[in-house]
Amino acid sequence: MRKPEGARVPTGRLRKAPENFVSPELAADITRSGLDDTRRRLLKGSFLAAGAALAAGMSRVAAASGKAPADDPMITQPRPWSTMLGNPVAFHPYGVPSKYEANLQRRQSPGLTPTKQASVAFAPLQGFFGIITPNGLHFERHHQGWVDIDPGQHRFMINGMVKEAKVYTMDDLMRLPSVSKIHFIECGANTGMEWGNAAVPTVQYTHGMLSCCEFTGVPLKVLLDDCGADLKNGKYVLAEGNDGSSMTRTISMEAALDDVLVAWGMNGEMLRPENGYPLRLVVPGVQGVSWVKWLRRIEVGDKPWNTKDETSHYVDLMPDGMLRQYTSIQECKSVITSPSGGQALLGKGFYNVSGLAWSGRGAIKQVDVSFDGGNNWKTARLETPVLDKCLTRFNVDWVWDGSPAILQSRAVDSTGFVQPRYGQLHAVRGTRSTYHNNAIQSWRVAESGEVFNVHVE
Ligand code: MTE
């Protein structure tokens, strides 16, 4: 086994980010009245205060860690849990995380949306290992709240340019030949708050509209064949959801016949209600909005539908003021999740710098990491599996010498596409867009060890 580069230097420790940094009162006030300068100052103040409180707690932990003294009671004395009868089996018929992990939660960004139904809860990327998102921490994005539909009452229909329009029950669908595939899902608005400047403190809020699961379902192609879809004239399909938002998205027939799934399974169990139970569309590589949840209908047609979710939303505002439509592929992107904004390095020494990379156009070929704001780059190790249209975990050794640093990651995908710097993205797309921001993220490590979100053009 190869030794990490820093094996001979002391291993540094990280202080977690103060994830829950806003009091419920301030969050409610911001949600009610929006973000003005005063509230923005309060928000920043709460974040710094939460960091200081965590630092106080961590200094006690830091004092107790490192080289354990020979008489450490944690190792020399029997601990309560080693001398007692443990809990019975099936105490939790459906398992729950340890109470010590209670702070790892998906969270709303205060003031981002006026209601909790048309909103988003971000996944805590800073707390994940590997590439799979636990089902309870998958990000959520709803346009009109989530619903829990009785699968016995759910129907799925295919109509339009088909020989025979058909209606399927869940039982009908789940009897068909299914496949399971691991793919990322990223909202087109992910990192949208960061277009102009560094806006939010942690990776949960900069990049947390991102998740990755093993999805199980029937290929849409099987169902289109079953209904005799007109593949000569039918160039598009429309996917429609069963929730109050009437989410409707046009998808090209090419994608529909390639790897799109009509899915019910997520990480080995049924979809969670928040993620579309009992049926959702999985459109690998394409922005999340096309992954229609609570899927009730697919229509085959010969032109795009130009629905409300394709004209007023999910379009790219270009520098000349025009809007670019149907740019749905999530381009190659990456982010360092540890260390990341809001965390703090508690001492000089070795750090395993870790992050995630992905591309809607294929697999990740390479990730390079810079510690000096993009002047020098070091190639990271890619953890297997490295799959198409899937998150890839990367790691790289770093010995922090205590001086200020700017950490960046830059991914390259199997098409040769290189993740752009902000300067490159701004030159083509301007600074006022919302969607499809795949620029290189920068984290500044201060001499104090604190990590901040910064913008590097
Ligand atoms: N489908 C329906 N029916 N209603 C919705 O509000 N939101 C879309 C998409 N599918 C949505 C939907 C958006 S914008 C995204 S990013 C993804 O679902 C989010 O999926 P998730 O909530 O499972 O993370």
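**Entry 1: Trp 294**

I started in the loop between S12 and strand S13 (295-301), where Trp 294 is found. This is a predicted model, so I kept in mind that local features need pLDDT of at least 70. I looked up the backbone of Trp 294 and read a positive phi of about 50°, although the residue is not a glycine. Next I asked myself: is Trp 294 buried or exposed? Trp 294 counts as buried, because its relative accessibility is 2% and the cut-off for buried is under 20%.

**Entry 2: His 436**

I then went to His 436, which also is not a glycine and has a positive phi, here of about 60°. I found His 436 in the loop between helix H9 (422-429) and strand S24 (442-445). Its relative accessibility is 11%, so I noted His 436 as buried.

**Entry 3: cis peptide bonds**

Omega came next on my list. Which peptide bond ending at Pro 278 did I look up, and what is its omega? It is the bond from Tyr 277 to Pro 278, which is cis, with omega near 5°. I placed Pro 278 in the loop between strand S11 (269-270) and strand S12 (280-282).

I wrote down a cis bond from Thr 384 to Pro 385 as well, with omega near 0°. For Pro 385, the place is the loop between strand S21 (381-382) and strand S22 (392-400). I flagged these entries because most peptide bonds are trans.

**Entry 4: the ligand and its shell**

Now for the ligand. Where does the ligand sit? I found it in the largest cavity. I counted 22 residues around the ligand, and the closest are Phe 139, His 143, Asp 243, Asn 275 and Lys 293. By type, the shell divides into 9 nonpolar, 7 polar and 6 charged residues. I also checked which element gives the largest share of the shell: it is strand S3 (residues 140-142), with 3 residues.

I went through some atom pairs at the ligand.

- I read 2.6 Å between an oxygen atom of the ligand and a polar backbone atom of Phe 139.
- For Arg 280, an N or O atom of the side chain is 2.8 Å from an oxygen atom of the ligand.
- A nitrogen atom of the ligand lies 3.1 Å from a backbone N or O atom of Trp 291.

How much of the ligand does the protein bury? Taken alone, the ligand exposes 530 Å², and I noted that the protein buries 100% of that.

**Entry 5: back to Arg 280**

Arg 280 has a relative accessible area of 3%, so I logged it as buried. I then took the C-alpha atoms of Arg 280 and Trp 291: these residues are 11 apart along the chain, and I read a separation of 6.6 Å.

**Entry 6: Ile 329**

My last stop was Ile 329, in the loop between strand S15 (323-324) and strand S16 (333-338). With 27% relative accessibility, Ile 329 counts as partly exposed, because that class lies between the 20% and 50% cut-offs. I also checked Ile 329 against Pro 284, which is 45 residues away along the chain, and the C-alpha atoms are separated by 8.9 Å.

How values were computed:
Residues numbered from 1 in each chain as written. Predicted model: local features only at pLDDT ≥ 70, side-chain atom pairs only at ≥ 80, totals over all residues. Heavy atoms only, no water. Near = heavy atom within 4 Å. Polar contact = N/O pair within 3.5 Å; in protein donor to acceptor, adjacent residues only side chain to side chain. Areas by Shrake-Rupley, 256 points an atom, 1.4 Å probe, with all protein chains shown as cover. 1 Å grid on protein atoms, 1.4 Å probe; cavity = no way out; pocket = protein on both sides within 12 Å on 5 of 7 lines; lining within 4 Å. Sits in = over half its atoms within 2 Å of the grid points. Helix = DSSP H or I, 4+ residues; strand = E, 2+ residues; numbered from the N terminus. Nonpolar A, V, L, I, M, F, W, Y, C, P; charged D, E, K, R; others polar. Buried < 20%, exposed > 50% of the residue type's maximum accessible area, 1.4 Å probe, protein only.
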